Amino acid sequence: MWHKIAAFIIKYRILLLIILLADTAIMGYYASQVKLSYDFTSAVPTDNQKYIEYQQFRKQFGEDGNLMVIGVKTSSFFDPAFFNDYAALVKKIAKVDAVENVLSIPGAITLVKDTVSQKLKVVPIAGNPPFSNVDSIKETFLNLPFYKGFLYNPDTKAYLMAIRIQKDVLNSKGRADVINSIVALGNEFGKKNNTEMHFSGLPLIRTDMANRVQSEMRLFLILSFVLTAVILVLFFRSFSAVLASMLVVAIGVVWSIGTIVLLGYKITILTALIPPLVVVIGIPNCVYLLNRYHFEYNRNPNKMRSLLRMVDRMGIVTFFTNLTAGIGFGVFFFTKSVLLKEFGLVAGINILGLFFISLVFIPAFFSFLPPPKVHHTKYLESGWINKLLDRITNWVFSHRTTIYGATLILCALSVWGVLRLKNDAHIVDDLPKSDKVYLDLKFFESNFKGVMPLEIVIDTRKKNGVLSLEVLQKMDQMGAYLQSFPEIGRPLAITEGIKFANQAYFGGDSSSYQVPGDMLQASFVMPYLRTKGDNNSMFNKLLHSFVDSTKQKTRISVSMADIGSHKLPILLDRIKPEAARIFDSSKYTVTFTGTSITFLEGSKFIVNSLRDSLILAFIIIFGCMIAVFRSWRILLMSIIVNIVPLLITAGLMGWMGIRIKPSTVLVFSVALGITIDVTIRFLVNFKQELAQHDYSIAETVHRTIRDTGLSIVYTSLILIAGFGVFALSQFDGTKSLGYLTSMTLFVAMVTNLTLLPALLLWMDKVIEKKNNAVSYLMGEDEDDVIKMND
């Protein structure tokens with residue numbers, strides 16, 4: 001079959017090249033329309049209960065992840081010059097497009113009781129700038145407990161400004177301009193007043209990460225092209241070989257980006273990895289094909305015959321190596337996570353696409369070129385590689401016991417390391433600890449307990465139930481309990497507005513900042529909750545954003561530290577029993593939601609999905625292998641040879657303290673899909689050579705190491721270097737993907753060149769007769785073997 005395919009490609013090479021280039025032009029058009037994704041909730045499936053609860057919360061109360069914060073730490077905040085500049089900064093930020101409102105000290109309000117209208121008047125504490133009475137403003141402000149822990153920390157002299165941004169803008173490319181404008185204004189203020197500015201909040205964190213993803217995709221794409229080109233030059237010493245390989249992967253890159261657009265997807269932190277992955281994974285196709293072409297030409301200097309033999313011998317190998325790599329990525333499509341589905345489908349399609357691109361382009365391209373010259377095939381007799389293969393062969397034939405023993409010891413140590421692995425992820429997990437975004441987040445955690453949103457929704461199950469004194473007192477009790485945790489900041493709820501109103505009713509006395517103690521006191525205070533004056537005031541917006549339209553549901557909103565996916569469930573398990581005690585489940589429904597909860601759910605879901613997809617990849621890949629080789633013994637050897645590198649990598653992660661999280665679990669599925677390629681390459685060549693060596697397993701193993709060793713070493717080095725590029729990433733997760741995958745591929749190269757042939761020789765000792773050896777190893781009937789021998 002493959003001989004016919006080779007003849008077809010050579011015969012219709014011009015037509016096939018025209019079709020290939022036309023398809024590439026079309027995909028290039030679509031690729032030019034690719035967009036960046038700003039949605040960070042797609043890790044959780046849409047039918048997940050936590051996701052549904054979060055969407056219901058957003059529908060009832062609005063977005064919880066659209067608050068950006070600016071912090072300063074100074075003892076001169078209320079100095080007239082500094083305060084006036086700060087007020088000017090607030091005014092400038094408020095004018096930035098898409099900024100809904102700014103909560104700050106210069107814009108803070110107080111409430112004053114109007115006994116005539118029986119309403120509360122909203123009165124700004126500062127008035128209009130410039131301010132000459134800063135001391136008076138300070139005294140008024142510090143007498144308002146409502147703002148303590150929100151806008152300032154009296155113990156650390158830290159002050160905060162909260163900026164709410166339109167949610168529609170945050171899901172568009174315009175978010176970068178908004179965030180950059182705010183940061184620029186803040187830095188301008190900081191430079192003028194010689195004050196360090198701190199910026200955080202999910203809008204800034206997400207925008208910063210999205211921008212880095214976009215820039216890194218370009219960087220890795222360029223680096224992967226350059227690095228692989230250099231290695232190919234050193235390998236082939238042929239401009240035409242390097243050019244052909246670069247054109248193959250360039251077409252693959254265009255197809256991959258075009259596929260993203262055609263499927264209606266956008267660039268995410270995962271799909272951004274696909275173009276450089278296409279480069280890294282596509283080059284081995286070219287190396288295998290060109291290596292075989294040069295090998296055949298060296299043996300029989302006929303260009304067209306060598307190209308036909310190249311496709312005939314390497315077509316099936318290249319197909320199955322791309323198929324297994326595609327499966328390694330494609331299984332992510334069967335998860336429920338949108339993020340993983342998109343990555344798996346695009347990667348799987350385009351890795352298989354690389355097979356067709358290389359199978360058509362390489363023979364067609366070289367059919368128009370002159371035959372290879374002597375120096376183009378000189379690498380086949382490379383001194384250092386032949387010495388290396390001689391040593392490997394010697395070890396396989398003379399030191400098999402040592403190979404088995406070393407493998408067992410490494411596996412035992414790896415299992416010990418695996419037992420030390422911990423599952424933990426953070427929202428800014430992938431940022432280096434010295435990064436400005438990470439350090440600023442820690443600033444807000446140390447001064448304001450953090451900025452990560454946690455929402456607690458209380459459903460009273462009856463209309464206007466929120467306004468009952470019993471519910472308000474229970475909410476106040478719950479808020480006090482939440483404040484007892486060092487990881488949680490001061491809760492914000494309608495009860496804080498009630499306390500503020502109560503303080504105003506009693507003449508502004510800060511000791512009256514509390515929920516009314518009985519119905520009599522409440523009956524006096526409640527009428528004053530109808531504020532007089534500005535209906536769009538911060539106070540009115542605050543009240544309306546914490547109660548639904550029917551006044552049946554309300555929320556307690558807290559900002560908390562990014563404590564990670566390991567500690568967060570423990571913290572919630574401590575809070576939930578107390579919430580159930582305060583709010584009787586027969587009368588109330590309490591729901592925990594918010595970005596922190598959805599992140600936790602998404603992190604757990606991705607890790608579990610990657611684990612399941614790895615198992616599925618094993619089943620499908622090894623199912624393909626048993627279909628090709630028709631032998632469970634070959635299957636068993638393949639499983640051992642490919643599990644060992646994954647086990648060693650997992651063990652090293654445990655010993656090095658690298659935690660299990662989405663980015664590190666991804667390594668195993670990716671590595672499996674690639675490392676199995678080497679095994680297939682070795683075993684297919686072994687099967688093809690067996691008959692030519694009178695079914696002598698020992699001789700065939702010796703020949704296979706020599707024939708495949710060269711291309712296995714070089715393609716492994718290319719893959720190791722290609723994935724090593726990711727180690728330059730600013731994201732720790734992408735770095736982990738880079739160096740852990742490179743390490744796994746190196747171990748896989750070693751096991752496939754030592755342990756696999758050693759196991760084949762061990763089988764030779766177990767099987768006494770030649771015919772039985774063929775029957776057991778190749779899955780062929782004994783009658784067929786007799787016919788072959790005849």
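User: Are Y293 and F366 buried or exposed?
Analyst: This is a predicted model, so keep that in mind. Buried means under 20% relative accessible area. By that cut-off, Y293 and F366 are both buried.

User: How is the ring pair of Y293 and F366 classed?
Analyst: The ring centres are 5.8 Å apart, with the planes at 55°. Planes under 30 degrees apart count as stacked and over 60 as edge-to-face, with the rest in between. With 55°, the Y293 and F366 pair is therefore tilted.

User: How many residues apart in sequence are the parts that this pair ties together?
Analyst: Y293 belongs to helix α10 (residues 274-299). F366 belongs to helix α12 (residues 338-367), so the pair links parts whose separation in sequence is 73 residues.

User: Which ring does the charged end of K341 sit over?
Analyst: Look for the charged end of K341 at 4.6 Å from a ring centre. The ring in question is that of F333.

User: Which element gives the largest share of the lining of the second largest pocket?
Analyst: That pocket holds about 430 Å³ of space, and 25 residues line it. The largest share, four residues, comes from α16.

Notes
Residues are numbered from 1 along each chain as its sequence is written. This is a predicted model: local features need pLDDT of at least 70, side-chain atom pairs count only at pLDDT 80 or more; totals for chains, interfaces and linings use all residues. Side-chain values use heavy atoms; hydrogens and water are left out. Rings of Phe, Tyr and Trp (its six-membered ring) pair if their centres lie within 6.5 Å; planes under 30 degrees apart count as stacked, over 60 as edge-to-face and the rest as tilted. Helices (H or I, at least four residues) and strands (E, at least two) are DSSP runs, numbered from the N terminus. Buried means under 20% relative accessible area, exposed over 50%, partly exposed in between (1.4 Å probe, protein chains only). A charge sits over a ring if NZ of Lys or CZ of Arg is within 6 Å of the ring centre and within 35 degrees of the ring normal. On a 1 Å grid over the protein atoms alone, a cavity is a set of points where a 1.4 Å probe fits but cannot get out, and a pocket is an open set with protein on both sides within 12 Å along at least five of seven lines; lining residues have an atom within 4 Å of a point. Grid points are joined across faces, edges and corners, and a volume is the space filled by probe spheres set on the points.
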